[in-house]
Amino acid sequence: MASPHRVHVLSGGAKLVTASMPERLSSSIVVMVGGGSRLEDDRLAGVSHFIEHLFFKGTAKRPSSKEIADAIEGVGGFINASTDKELTAYWTRISSEHTDLGMDVLFDILSNSKLDPADIERERTVILEELKMYQDQPQDLVQNLFEELMFPDHPLGRDIAGTLESVSRITRDDILEWANAMYRMPNVVIGAAGAIDEAQMVEFMRPRLTLPVEANGSIAGLAPAPLESARVLVRRRRTEQAHICLGVRAYSYFHPDRYTIDLLNTVLGEGMSSRLFLNIREKLGLAYDVHSFTQKHRDTGYVGVYLGVDPKKAEEAVNAVMTELRALGDREVLPDELERAKEFTKGRLRLELETTNGVASWLGYQELLLGEINTIEDEVSLIDAVSASDIRRVAGEIMSGPIQMAVVGPFARDAGFRSSIGA
């Protein structure tokens, strides 16, 4: 970051975190709202995502989605939003001379969206089609099935967009009640970065971000129950490839070993010099796409592996992946491998923070979910402090837990897959 960040506490309890980058020609504003899909019960599954869509459909000032889009795109900017399991984010990136316009549009949709009944019914149909689309895409489907196994009977294991049943029955009253509960000033963090005037930005926000100032008294969702055993879930599809996700529970974003998990993941399956790529793809020729990934939540997380493989070679590929997973706990990574993983991780972080949008998102995420903000230098120090013995120890700990595996492909039986993971 070009300069240290600053935290401004706004009236009503919202926070603005800024990083001045005067050499940039753009500015980015990211508004993050605590909550997300993990707080929803089965009846309201998908309501956070539904609201995110609806906020772009019109306000009193900009009555249609076209007018909202035109306001930003008419000056070459970008505007978008996303819903996650623990937050919802709305953002714009715009040339610096139009920063006020970007803020005006964002705060308008957050504070003044109409949530018109006709818009709700039209968008309901759109979201239902979105859910059906994911069902028809095996890469997306297998990821959803994997998370169902990883967090059974828990909102973390459910699609963020909800289910066909829940989206079909959510009412306008449900939407209004949920929006009123979640969209409150104490639940909002705004990240801003670029060629910005911080004092002017604070003054500009005051009359425009008009959400309720009282906290809603809601509590964080319950943690998922421990996993008792290894499980395999096969969804039979006539696909040319088998799509497989397997993995184990790991750590939250508060855990002291979270940086060790990140480096373990890099060694295992990030990039073309990772073990999975070199051994599963390059050496054995079993898969075109094979990689690992992590997910961290407030109180849990996981390490997972995805591979797309010829169905005839699926069990062989799974066994090869299991060999790589176990190897991480059996012996320490080599010094040059650890150094590469550290430089890869630090380099990706620095590249992510090259853009104003990357910096604004980085600041908002840390303040909202972690409650404190690390600088790049802090992060680099924590990454560099991880040792080869740390990776081996953590790999041994997480691999002692039950493996979960989801498979989408032309399979009538799952015995071979269960044998591979000890299910």
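User: New to this one. What stands opposite Ile-244 in strand 11?

Analyst: Val-407 does. Keep in mind that this is a predicted model.

User: Which strand pairs with strand 11 over five bridges, and in what sense?

Analyst: That is strand 8, residues 242–249, and the pairing is antiparallel.

User: Is strand 11 itself mostly covered or mostly open?

Analyst: Mostly covered. Strand 11 spans residues 404–409, and six of its six residues are buried. Both faces are covered. Gln-404, Ala-406 and Val-408 are on one side, with Met-405, Val-407 and Gly-409 on the other.

User: Why two sets like that?

Analyst: In a regular strand, side chains alternate between the two faces of the sheet.

User: Switching to the cores. How many residues are in the largest nonpolar core?

Analyst: It has 50 residues. Those touching the most other members are Ile-51, Tyr-90, Phe-107, Ile-175, Tyr-183 and Ile-190. Helix 3, residues 99–112, gives the largest share of this core, six residues.

User: Which other core is there?

Analyst: A second, separate core has 47 residues. Ile-244 is one of them, and so are Leu-246, Val-303 and Val-386.

User: Back to Phe-107. What does Phe-107 touch?

Analyst: Leaving out residues up to four places away in sequence, Phe-107 touches Val-31, Asn-112, Ile-190, Met-205, Arg-208 and Leu-209. Val-31 also stands opposite Tyr-90 in strand 5.

User: How do strand 3 and strand 5 pair?

Analyst: They are antiparallel, over nine bridges. Strand 3 covers residues 26–34 and strand 5 covers residues 87–95.

User: What is the strand order in the open sheet of six strands?

Analyst: The order is 1-2-6-3-5-4, with mixed pairing. Strand 1 (6–9) and strand 4 (78–83) are at the edges. Each has a single partner strand, so one side of each lacks a neighbour in the sheet. The twist averages 15° from one strand to the next.

User: Which strands does helix 3 lie across?

Analyst: Strand 3, strand 4, strand 5 and strand 6 (188–194). Helix 3 runs at about 155° to strand 5.

User: Now a hairpin. How many residues sit between strand 9 and strand 10?

Analyst: Four. Strand 9 (residues 287–296) and strand 10 (residues 301–309) run antiparallel, joined by nine bridges. In strand 10, Tyr-306 is the bridge partner of His-291.

User: On to helices. At what angle do helix 11 and helix 15 pack?

Analyst: About 125°, with axes 6 Å apart. Helix 11 and helix 15 are therefore oblique to each other. The residues that meet include Met-322 and Leu-325 in helix 11, and Ile-391 and Ala-395 in helix 15.

User: Which residues of helix 14 are buried?

Analyst: In helix 14, residues 376–384, Ile-376, Glu-379, Val-380 and Ile-383 are buried. Seen down the axis, the buried residues fall within an arc of 100°, so they line one face of the helix. Their cover includes helix 9 (258–269), helix 12 (335–352) and helix 13 (356–370).

User: Last one. Is Glu-198 buried or exposed?

Analyst: Buried, with a relative accessible area of 12%. Glu-198 lies in helix 8, residues 198–205. Not counting residues up to four places away in sequence, Glu-198 touches Arg-6, His-8, Thr-18 and Ser-20.

Key:
Residues numbered from 1 in each chain as written. Predicted model: local features only at pLDDT ≥ 70, side-chain atom pairs only at ≥ 80, totals over all residues. Heavy atoms only, no water. Helix = DSSP H or I, 4+ residues; strand = E, 2+ residues; numbered from the N terminus. Buried < 20%, exposed > 50% of the residue type's maximum accessible area, 1.4 Å probe, protein only. Contact = heavy atoms within 4.5 Å. Arc of directions from axis to C-beta. Core = buried A, V, L, I, M, F, W, Y, C linked by side-chain atoms within 4.5 Å. Pairing = 2+ DSSP bridges. Axes fitted to C-alpha atoms, helices over the stretch in contact; angles between N-to-C directions. Parallel < 35°, antiparallel > 145°, perpendicular 65-115°, else oblique.
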